[in-house]
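This briefing covers selected local features of one protein model. Please read the points below alongside the sequence and the coordinates.

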Amino acid sequence: MRSALTLLLAVTAGTTVIAQLPRDLGGLLRKMPSLEEYVSGTPPLSTGFDDAIGQSPILDRKDAHKAQPLRSLPRTRTGGFVLKPGLWEGVLQSYCLRPATYAPGKGEGYLYAPTKGSRAGAIRTILSASVAHPEIAQTDIQMLLWAILSRSKIATMPAKMQATAHALLSASDIRAIDLDALGLINAAERTRLFGGLPAPVTRTLTVEANLRDRFTRTTVTYDEVERIAVLSGVAPENDSRRIRRGQWSRHPAGYYIRYDPDGFLQTRVQVLVPDRVVVTRDRLNRITSIEDRRGGRTETVYNDTVPARTAPGDPGLKAYAFKTIRFVRRGSGGKPEVLEFQGQGWTFHRSKPRARQAASASGLGVMAAIRSTGRSMLELLQEGSFDRWSERAEQARDIHDRYEFYRDRAGHATGDPGADSVDELEDRDHYRDGVDAATRGDLGDRLDWIIDHQERENAALEHATSILDGLPTTSTTDDSVFDPPSGLAVPSGGGQRLGISGRFR
């Protein structure tokens with residue numbers, strides 16, 4: 001908006017030019033100093049989609065997690081949530097922080113972005129302080145936020161709105177807001193000032209002017225203010241930068257977050273805190289065990305008497321047969337309990353031997369097996385049959401495509417992990433699919449074991465993703481805090497920004 005108005009000012013400036021223009025347009029230009037008020041300085045809130053912190057599409061597969069309630073977590077004095085590893089979820093009160101836009105649509109994705117703007121601090125303060133003031137209605141808080149965003153003066157607001165402001169803001173915040181406020185402008189002046197501007201700019205300036213007018217009236221109601229601030233109907237499609245609903249984005253405090261708004265007054269928020277796991281690999285860099293914090297492990301032994309099979313169209317991706325899959329967990333009294341699967345399944349692995357002599361280890365194992373047993377190559381292949389080969393090969397291609405997001409970022413952004421790190425993360429996805437496929441079928445009393453293993457696999461992928469994303473991994477052992485007002489939920493389609501409070505809906 002500012003760039004459009006600044007261009008208009010630059011093109012039309014100068015007394016010589018004004019003298020040569022028709023009388024009506026000259027009158028408009030002589031009013032430009034009042035128009036400049038609307039675009040000078042930093043807007044109350046300037047956060048846009050360009051400020052969003054990158055999404056993490058790899059985590060989209062992690063819906064198998066069972067979310068735990070945010071309500072069960074300890075709270076800080078300012079209403080934050082003291083996090084622990086796992087997936088946490090709650091429906092929180094949220095607020096429209098961009099007047100003159102449509103309410104969130106069903107298909108519009110939101111990402112986390114830091115709060116920026118001249119009144120960013122006051123907006124965070126209001127959202128944080130609302131937790132300590134449950135007696136203040138959400139609609140009253142929303143009206144105060146719209147007033148600040150439209151640059152209304154608190155001193156001229158109705159008594160109830162002033163009381164809300166004084167309960168949630170400091171005296172210095174209120175003074176700063178009043179100093180930054182704009183005056184009222186009647187309909188005739190708006191027509192002269194805004195008439196030649198682009199339609200979206202005119203709409204925004206008009207809505208803000210209407211809001212300032214309403215906030216000086218003693219009888220103003222929430223319903224009439226909402227009708228002005230929120231556009232009715234459905235937002236026009238804008239697919240140029242649209243992301244899908246429910247996309248994860250990384251938070252700089254060391255966790256992941258995603259938003260699912262229902263209108264703008266409530267938003268389902270999920271917070272994912274990766275747990276640390278230990279992954280062990282063999283000389284061929286194949287995963288041999290994954291151990292979680294609780295001492296549970298998934299172990300695999302490979303059947304190297306069965307030759308590796310190359311994925312179609314990808315010579316670097318090979319399939320290896322499992323000899324043994326073993327799930328280990330702590331039982332009663334701390335004694336380990338074990339569930340084994342023998343001679344079942346296989347996994348893809350992108351072969352990158354750590355040492356030259358390791359490259360032929362699989363082949364040597366095959367030749368040794370043939371010499372010692374006298375069995376034919378065909379018999380060995382049948383023994384370690386790669387079942388569902390075509391289906392799994394297609395899945396492997398899908399997994400590889402999913403990680404292209406990170407490979408592209410590693411190739412273009414300074415300081416991001418390289419392609420080897422991405423390959424190792426992709427390898428964990430292949431491994432998970434391989435073990436899952438090998439242990440599927442009639443679960444019987446094995447269901448708890450399988451669930452325990454899947455949670456461990458998810459934790460391994462999440463932890464590896466957090467390292468790839470550059471998140472601080474030490475926070476998974478210390479107490480990290482989810483402070484809802486610390487950032488905004490911003491849409492890819494240019495709709496409403498949402499402020500999230502720590503109050504439950």
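Predicted model: local features only at pLDDT ≥ 70, side-chain atom pairs only at ≥ 80, totals over all residues.

Asp 304 sits in the loop that links strand 12 (297-302) and strand 13 (309-311).

**Asp 304**
- The side chain of Asp 304 makes a polar contact with the side chain of Arg 286, at 2.9 Å.
- Between Asp 304 and Ala 321 the C-alpha to C-alpha separation is 7.4 Å, although the two are 17 residues apart in sequence.

**Helix 6**
- Helix 6 comprises residues 138-149, and 11 of its 12 residues are buried.
- Just after helix 6, Arg 151 adopts a positive phi of about 60 degrees.

**Asp 140 within helix 6**
- Asp 140 belongs to helix 6 and counts as buried because its relative accessibility is 16%, under the 20% limit.
- A polar contact of 3.5 Å joins the side chain of Asp 140 to the side chain of Lys 160.
- Leaving aside residues up to four places away in sequence, Asp 140 touches Lys 160 and Thr 164.

**Nonpolar cores**
- The largest nonpolar core contains 64 residues, and Trp 146, Phe 215 and Phe 482 have the most contacts inside it.
- Helix 6 supplies the largest share of this core, with eight residues.
- Another core, of 18 residues, lies apart from it; Tyr 302, Ile 325, Ile 450 and Ala 460 are among its members.
- In soluble globular proteins, nonpolar side chains tend to be buried together.
- Trp 146 touches residues including Cys 96, Pro 99, Leu 211, Phe 215, Val 230 and Phe 264, not counting residues up to four places away in sequence.
- Tyr 222, Val 225, Glu 226 and Ala 229 are also among the residues that Trp 146 touches.

**Helix 11**
- In helix 11 (residues 222-229), the buried residues are Tyr 222, Glu 224, Val 225, Ile 228 and Ala 229.
- These residues lie on the same side of helix 11, because they cover an arc of only 165 degrees around the axis.
- The buried residues of helix 11 pack against helix 6, helix 10 (199-214), strand 4 (101-102) and strand 6 (230-231).

- Strand 8 (residues 255-262) is mostly covered, with six of its eight residues buried.
- Strand 7 (residues 249-251) pairs with strand 8 in the antiparallel sense over three bridges, and Arg 250 has Tyr 256 of strand 8 as its bridge partner.
- Three residues separate strand 7 from strand 8 in a hairpin, where Gly 254 in the turn has a positive phi of about 110 degrees.
- Strand 8 also pairs in the antiparallel sense with strand 9 (residues 266-273), over seven bridges, and Thr 267 in strand 9 is the bridge partner of Pro 261.
- Strand 8 and strand 9 likewise form a hairpin with three residues between them, and Gly 263 in the turn has a positive phi of about 70 degrees.

Technical notes. Residues numbered from 1 in each chain as written. Heavy atoms only, no water. Buried < 20%, exposed > 50% of the residue type's maximum accessible area, 1.4 Å probe, protein only. Helix = DSSP H or I, 4+ residues; strand = E, 2+ residues; numbered from the N terminus. Pairing = 2+ DSSP bridges. Polar contact = N/O pair within 3.5 Å; in protein donor to acceptor, adjacent residues only side chain to side chain. Contact = heavy atoms within 4.5 Å. Arc of directions from axis to C-beta. Core = buried A, V, L, I, M, F, W, Y, C linked by side-chain atoms within 4.5 Å.
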